Amino acid sequence: MGDTVVHSSAAVSPRQENHPMPRLALYALVVCVLAVAAAVVSFAQGSFLGIVWVLLAGLSSNMCWYYVKRQKVRKSVTG
């Protein structure tokens, strides 16, 4: 009557767990994609403002890689 424990039928090892992308990495990836699109449009219109968009895309892509790698390190340390 008091047994409310749910038992899983399949054992999941730490290597099989699904590790979703961190939220900040996802936001940085979205900013990167939008900055690349803005750079393409800017250069197509003949404006050199696209250089700023390219720099922003580079910065945001580095942020994305940083957050993804940081989560991988955290997951490997915590096991």
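Mentor: One term before we start: contact means heavy atoms within 4.5 Å. With that in hand, among contacts in the protein between residues at least 6 apart in sequence, 58% join residues at least 24 apart. Keep in mind that this is a predicted model.

Trainee: Okay. What does the secondary structure come to?
Mentor: Two helices and zero strands. Helix α1 covers residues 23-44, and helix α2 covers residues 50-78.

Trainee: How much of the protein is buried?
Mentor: Buried residues make up 16% of the 79 residues.

Trainee: Left-handed or right-handed crossing?
Mentor: Left-handed, as α1 passes α2.

Trainee: Which residues make that contact?
Mentor: From α1, they include Leu24, Ala25, Cys32, Ala39 and Ser42. From α2, they include Gly50, Trp53, Val54, Ala57 and Tyr67.

Trainee: How do the contact residues divide by type?
Mentor: The contact of α1 with α2 has 20 nonpolar residues, four polar and no charged.

Trainee: Let's zoom in. Where is Cys32?
Mentor: Cys32 sits in helix α1. Its relative accessible area is 13%, so Cys32 is buried.

Trainee: What does Cys32 touch?
Mentor: Ala57, Ser60 and Ser61, not counting residues up to four places away in sequence. Take Ala57: it is 25 residues from Cys32 along the chain, yet their C-alpha atoms are separated by 4.5 Å.

Trainee: Now Ala39. Buried or exposed?
Mentor: Buried, because the relative accessible area of Ala39 is 5%. Ala39 is in helix α1 as well.

Trainee: Which residues is Ala39 in contact with?
Mentor: Gly50, Trp53 and Val54, leaving aside neighbours within four places in sequence. Ala39 and Val54 are 15 residues apart in sequence. C-alpha to C-alpha, they are 6.0 Å apart in space.

Trainee: How far are the C-alpha atoms of Ala37 and Val54 from each other?
Mentor: They are separated by 9.5 Å. Along the chain, Ala37 and Val54 are 17 residues apart.

Trainee: Moving along. Where is Ser42 found?
Mentor: In helix α1. Ser42 has 8% relative accessibility, so it counts as buried.

Trainee: Which residues is Ser42 in contact with?
Mentor: Ser47, Leu49, Gly50 and Trp53, again leaving aside neighbours within four places in sequence.

Trainee: Can we switch to the other helix? Where does Tyr67 belong?
Mentor: Tyr67 is found in helix α2.

Trainee: Why does Tyr67 count as buried?
Mentor: Because its relative accessibility is 19%, and buried means under 20%.

Trainee: Which residues is Tyr67 in contact with?
Mentor: Pro22, Leu24 and Ala25, with neighbours within four places in sequence left aside.

Trainee: And how far is Tyr67 from Arg23?
Mentor: In sequence, 44 residues. In space, the two are 8.8 Å apart, C-alpha to C-alpha.

Trainee: Thanks. What should I look at again?
Mentor: Go back to the pair of helices, packed at about 160°. Then find Cys32 and its contacts with Ala57, Ser60 and Ser61.

Conventions:
Residues are numbered from 1 along each chain as its sequence is written. This is a predicted model: local features need pLDDT of at least 70, side-chain atom pairs count only at pLDDT 80 or more; totals for chains, interfaces and linings use all residues. Side-chain values use heavy atoms; hydrogens and water are left out. Helices (H or I, at least four residues) and strands (E, at least two) are DSSP runs, numbered from the N terminus. Buried means under 20% relative accessible area, exposed over 50%, partly exposed in between (1.4 Å probe, protein chains only). Axes are lines fitted to C-alpha atoms, for helices over the stretch in contact, and angles run from 0 to 180 degrees between N-to-C directions. A crossing is left-handed if the near helix is turned anticlockwise from the far one by less than a right angle, and right-handed if clockwise. Ala, Val, Leu, Ile, Met, Phe, Trp, Tyr, Cys and Pro count as nonpolar, Asp, Glu, Lys and Arg as charged, and the others, Gly among them, as polar.
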